[in-house]
Amino acid sequence: MKGKMREWLVKGKVRQMKAAEAVKEFARGEEGASHLVEIIVVIVIVIAIAGVFREQLQGAIEAIFGNLTSFINGSEHGGV
């Protein structure tokens with residue numbers, strides 16, 4: 001009788017340890033999913049900001065490329 005009781009307790013402890021490991025593994029898997037959600041939220045925020053400041057961003061980019069083009073054209077003609 002004592003042997004069966006000990007066997008039953010050992011099997012119960014093994015099941016408990018397996019369940020605890022399964023919970024830990026599940027938590028590790030969920031961590032990656034939460035990082036994915038964070039990345040998606042950041043991308044949405046960046047797109048929203050770009051939409052709000054679209055005209056200002058376009059003006060700045062056009063100015064930068066205009067200066068770059070002038071610089072390149074100037075160096076082709078012996079400038080700089």
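Start by selecting Leu 57: at 41% relative accessibility, this residue counts as partly exposed, the class between buried (under 20% relative accessible area) and exposed (over 50%), with a 1.4 Å probe and protein chains only. Leu 57 sits in helix α2. Bear in mind that this is a predicted model, where local features need pLDDT of at least 70, side-chain atom pairs count only at pLDDT 80 or more, and totals for chains, interfaces and linings use all residues. Numbering runs from 1 along each chain as its sequence is written, and side-chain values use heavy atoms, leaving out hydrogens and water.

Now colour by helix (DSSP runs of H or I, at least four residues). α1 (2-52) and α2 (54-76) each supply at least two patch residues, and α2 gives the most, with 6.

Finally, zoom out: the chain has 2 helices and 0 strands, and 0% of its 80 residues count as buried.
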